[in-house]
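Hello,

Here is the model I promised to pass on to you. Please have a look at it first, and then read on for what turned up.

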Amino acid sequence: MKNIKNVSRRDFLKLSGIAASTFMLGVNLPTSKAQAHDDSAHELNFFVSIDTSGEVTLICHRSEMGQGIRTSVPQIIAEELEADWSKVSVVQAKADKKYGSQGTAGSASIRSHFTTIRKMGAIARDMLEQAAANIWQVDKSQVKAKQHYVHHKATGQKISFGELAKHAAKLTPPEQKTVKLKSNSDFSLIGKDVKQVDLDEIVAGKAQYAQDIQLPNMLIASIQRPPVVGGKVKSFDASEAKKIKGVVDVIQLKVRPFPVNVMPLSGIAVVATNTWAAIEGRKKLKIEWDHGDKHVHNSESFRKELISKVNSKGIKVSSKGDVYAHNYNQKNTLEATYTVPYINHAPMETPAATAMIEGDKCTVWAGTQNPQWAQGMVAQELGLKREDAHKVELNVTLMGGAFGRKSKGDFIVEAVELAKATGRPVKVIWSREDDIKHGFYHSIAANYLKAEILDNGKVDNLISRNAYPPIGWLFNDKTKQPSDSQLSLGFADLPFDLNTLSYENHEVDSFVRPGWVRSVACINNGFALGSFVDELAVKAHVSTRKMWLDLIGSNRIVDPTEDGFKYSNYSLDAKVHPIDTKRIKNLINLISDKAKVEQQLPEGQGWGISFLRSFGSFVAAATKVEVKDKKVTVLEMHTAVDCGIVVTPDRVKAQMEGAMVFGLSIALMGEITVDKGIVKQSNFHDYPVTRMNQVPKLFVHLVDSDAPPGGIGEPGVPPVAPSITNAIYHASKTRIRDLPVNKVFQV
Amino acid sequence: MISLTVNNKILKLDIEPQMPLLYALRDELKLTGTKFGCGAGQCGACTVHLDGQAIRSCITPVSAVEGKKITTIEGLSDKKEHQIQIAWKEFKVPQCGYCQSGQMMSASALLKQNSNPTEQDIESFMQGNICRCGTYKRIKAAIQSAAKSNKGMS
């Protein structure tokens with residue numbers, strides 16, 4: 001029984017911290033196809049435990065940041081297990097490679113691991129059924145698990161999971177190939193709204209986030225980091241800082257070389273017995289900085305450089321036919337350049353981590369989207385060998401928002417560096433100013449699009465170019481172009497029926513830390529695409545709906561690799577998760593009909609729509625705005641989503657509502673600007689995010705689907721901003737090609 | 001020594017008088033339900049009640065609250081849940097949940113001074129509380145529902 005075992009009680013307790021239980025199942029499953037190239041990530045390991053009273057404990061190995069994964073993963077296991085949801089409790093996994101990928105990013109938890117999570121429940125159920133069959137001395141086919149009992153089909157007798165647990169524990173797990181998963185029509189828990197696992201604790205104010213960790217003898221650190229990436233401390237004077245009551249020490253952090261990776265930025269740390277003393281001490285620091293090479297950066301002149309780049313021929317990403325041999329009819333040709341600024345995540349909980357080192361034991365508590373990556377970074381910081389990373393105990397707390405920021409472990413390593421330096425537990429807390437000024441920003445980006453409306457009304461001869469600092473620069477500072485998988489994010493994967501096209505990209509230097517922000521390059525690519533389709537519709541005097549439908553063409557599966565592009569499809573198998581134009585057209589029609597976007601509106605009002613398929617899901621957005629006296633008021637917003645099988649409908653709706661609000665921030669206000677390499681913004685007064693009075697009526701339309709599940713945390717975001725700016729155009733005839741809107745209108 | 005009355009308990013603390021209430025609650029009293037969000041009174045994550053009024057504890061020095069009654073999320077209701085907390089559960093308001101203590105403290109203060117708020121009253125009172133997850137629609141619905149059930153009780 002390769003890869004499957006009943007783990008020892010001691011192992012299980014050690015792994016999970018769960019109190020005594022009778023049936024403990026550990027299963028190593030081959031990973032989904034998406035990761036099959038990576039040998040180190042070949043196992044997934046989920047744990048089910050059932051005690052004699054029938055209480056079921058399930059481990060959630062993915063990190064919770066508000067998307068509801070601590071509810072949805074156990075819900076999937078419980079479905080296949082046939083567990084009574086009211087008897088299920090959830091334990092958060094620590095960092096451990098036995099769980100396979102724990103990196104909670106790319107909206108991947110369910111879309112990439114749905115089947116493997118289900119198998120965990122199914123194997124445990126199979127063993128409970130076998131145990132019952134053994135007791136009744138019948139074949140397993142004669143019994144069936146249902147709602148926490150195994151039933152004997154012929155006699156109607158039943159035995160509870162609690163009673164069966166000790167018998168199942170003695171069995172050898174079955175070959176996973178022999179274990180049947182439920183058919184979709186038999187789902188009783190998947191697709192049902194269950195109560196969020198953390199709801200009661202959150203509402204009572206008792207949920208524990210990274211900032212809430214309290215340890216005896218703990219110090220709190222506030223760190224002044226170099227204002228410019230790659231900057232160094234020339235000299236500093238801590239004498240005044242040390243006079244503040246409660247300040248214990250002032251510590252210069254080690255200088256970190258390029259590439260910056262996701263490691264700390266260095267700087268001067270003030271450690272104190274309370275947060276206030278650390279903050280006050282930090283204010284008294286006198287530091288002279290060597291700003292380094294990145295001091296030259298100005299985001300406004302950089303934006304102009306990017307615009308100029310994309311207005312010239314770039315490096316080929318993929319192409320079909322030869323657009324450059326084509327003679328464009330200028331009158332019927334549309335060219336447009338769109339820009340998106342640097343954008344920050346700004347989760348409500350700023351980054352925070354606590355580290356404690358006792359002898360050779362290091363324990364960390366962090367709100368991290370990527371526990372194992374962080375664990376490896378901590379091990380490296382402590383000088384441990386890679387294979388000894390497991391010696392670092394990394395506890396995963398709830399995250400007060402993340403949006404991609406907390407994939408990076410810089411703040412965790414800061415805590416470890418300081419715990420080592422002080423010999424005491426240290427909690428690092430980023431101020432809001434730290435968070436705004438030292439982020440991993442969505443890259444400032446320019447997108448250029450050109451296409452021609454032919455005499456028959458059809459659009460063709462598309463050129464699409466983009467230019468932006470690539471995230472790969474973090475890991476190799478020679479990197480000037482995005483990877484193929486980055487270019488697969490709503491760029492070289494357009495679902496359009498075109499004879500001639502060219503996708504191109506440009507080399508770009510990086511000056512601030514680029515990072516994954518909720519939906520990543522789909523933000524700029526989706527904005528450009530959604531705007532351009534609307535502009536084409538205006539030029540062709542047709543509805544935006546018709547322009548989308550005409551561009552997409554017939555029902556078919558689009559394969560971007562046909563044109564020679566190494567399309568990554570969000571690491572999903574294209575056979576299982578294809579670019580299906582029928583589903584796209586359905587959504588364009590659904591959003592247009594549900595929002596009634598073609599209705600006659602009063603003067604000064606307009607509807608805008610947009611669409612993007614991303615992270616395996618299909619999302620369309622529609623927004624109605626009013627533009628009056630140079631002020632934009634958003635009146636109504638809709639999203640329609642086809643994400644395949646829905647596990648927890650209410651959480652999918654919540655994610656789409658949140659994506660509309662996040663998209664509102666991006667469209668209307670979100671802008672980080674940089675001068676002399678230094679971020680100008682500092683807090684919510686100059687980096688505003690959406691507030692309640694800016695949020696209109698929100699509607700979510702879920703498509704009923706049997707398709708394998710797609711992602712949900714990110715795909716809601718990309719179509720929102722262009723739906724807003726398109727609406728502004730239709731309300732005011734003012735076209736916004738450069739975000740955010742508040743450069744032109746009051747919002 | 002600073003004397004604070006928090007959730008009906010009188011507590012004496014050896015802290016600087018300028019220390020914002022937020023850090024006294026979190027670091028000294030270990031009442032971590034009240035959250036840090038901006039340190040500048042701009043986001044509302046740190047909202048608590050001072051004599052029943054919503055205040056931002058991150059910019060309120062402890063010296064200014066001596067002798068006054070401070071209520072945090074942990075003390076919002078004595079035994080049974082506050083109407084606002086019940087409504088928050090009914091509408092499944094939280095996503096990450098981090099800002100929700102502050103949201104609930106603001107909302108409960110609103111209902112105390114205006115038992116029947118209009119949509120505009122709610123927006124105007126609550127716009128100081130940021131939710132980056134974007135749960136505003138449900139916050140509004142939960143407040144409206146709590147207001148209705150309050151009326152039924154009184």
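**What was found**

Of the 747 residues in chain A, 59% are buried (a residue is buried if 20 or more other C-beta atoms lie within 10 Å of its own, exposed if 12 or fewer, and partly exposed in between, with C-beta atoms placed from the backbone). Before going further, please keep in mind that this is a predicted model: local features need pLDDT of at least 70, side-chain atom pairs count only at pLDDT 80 or more, and totals for chains, interfaces and linings use all residues. Residues are numbered from 1 along each chain as its sequence is written, while chains are lettered from A and ligands numbered from 1 in the order in which they are written.

**Chain A as a whole**

Chain A holds 17 helices and 30 strands (DSSP runs numbered from the N terminus, with helices being H or I of at least four residues and strands E of at least two). Its radius of gyration is 27 Å, close to the 27 Å that the globule rule gives for 747 residues, so chain A is as compact as a globular protein of that length (the radius is taken over C-alpha atoms, and the rule is 2.2 Å times the number of residues to the power 0.38). The C-alpha trace of chain A spans about 80 × 75 × 45 Å along its principal axes. Among contacts in chain A with a separation of 6 or more, 79% are between residues 24 or more positions apart (two residues are in contact if their C-beta atoms, placed from the backbone, lie within 7 Å).

**A three-stranded sheet in chain A**

In chain A, 3 strands make an open, antiparallel sheet in the order 6-7-8 (two strands pair if DSSP finds at least two bridges between them). Its edges are strand 6 (143–146) and strand 8 (158–160) of chain A, each pairing on one side only. On average, neighbouring strands of this sheet are turned by 25° against each other, direction ignored (axes are lines fitted to C-alpha atoms, for helices over the stretch in contact, and angles run from 0 to 180 degrees between N-to-C directions). Strand 7 (residues 149–152) and strand 8 of chain A are joined by 3 bridges in the antiparallel sense, and V150(A) has I159(A) in strand 8 of chain A as its bridge partner.

Two helices go with these strands. Helix 3 (residues 114–136) of chain A packs on the sheet and touches strand 6, strand 7 and strand 8 of chain A, its direction making about 135° with that of strand 6 of chain A. Helix 4 (residues 161–168) of chain A lies across strand 7 and strand 8 of chain A, at about 80° to strand 8 of chain A.

**An enclosed strand**

Strand 22 (residues 501–505) of chain A has 5 of its 5 residues buried, so it is largely enclosed by the rest of the structure. L501(A), Y503(A) and N505(A) point one way from strand 22 of chain A, and S502(A) and E504(A) the other way. Strand 22 of chain A pairs with strand 14 (residues 315–320) of chain A in the antiparallel sense over 5 bridges, where I315(A) stands opposite N505(A). Strand 21 (residues 459–467) of chain A runs parallel to strand 22 of chain A and is joined to it by 5 bridges, with I463(A) opposite S502(A).

**Where the chains meet**

The contact between the chains takes 44 residues of chain A and 43 residues of chain B. On the chain A side, helix 5 (199–203), helix 7 (275–283) and helix 16 (649–668) each supply at least two residues, and helix 16 of chain A gives the largest share, 7 residues. By class, this side of chain A has 20 nonpolar, 15 polar and 9 charged residues (Ala, Val, Leu, Ile, Met, Phe, Trp, Tyr, Cys and Pro count as nonpolar, Asp, Glu, Lys and Arg as charged, and the others, Gly among them, as polar).

Helix 1 (residues 21–28) of chain B is mostly covered, with 7 of its 8 residues buried. The cover over those buried residues includes helix 7 of chain A together with strand 1 (2–6), strand 2 (9–13) and strand 3 of chain B. After helix 1 of chain B comes K30(B), with a positive phi near 55°.

Happy reading, and enjoy the model!
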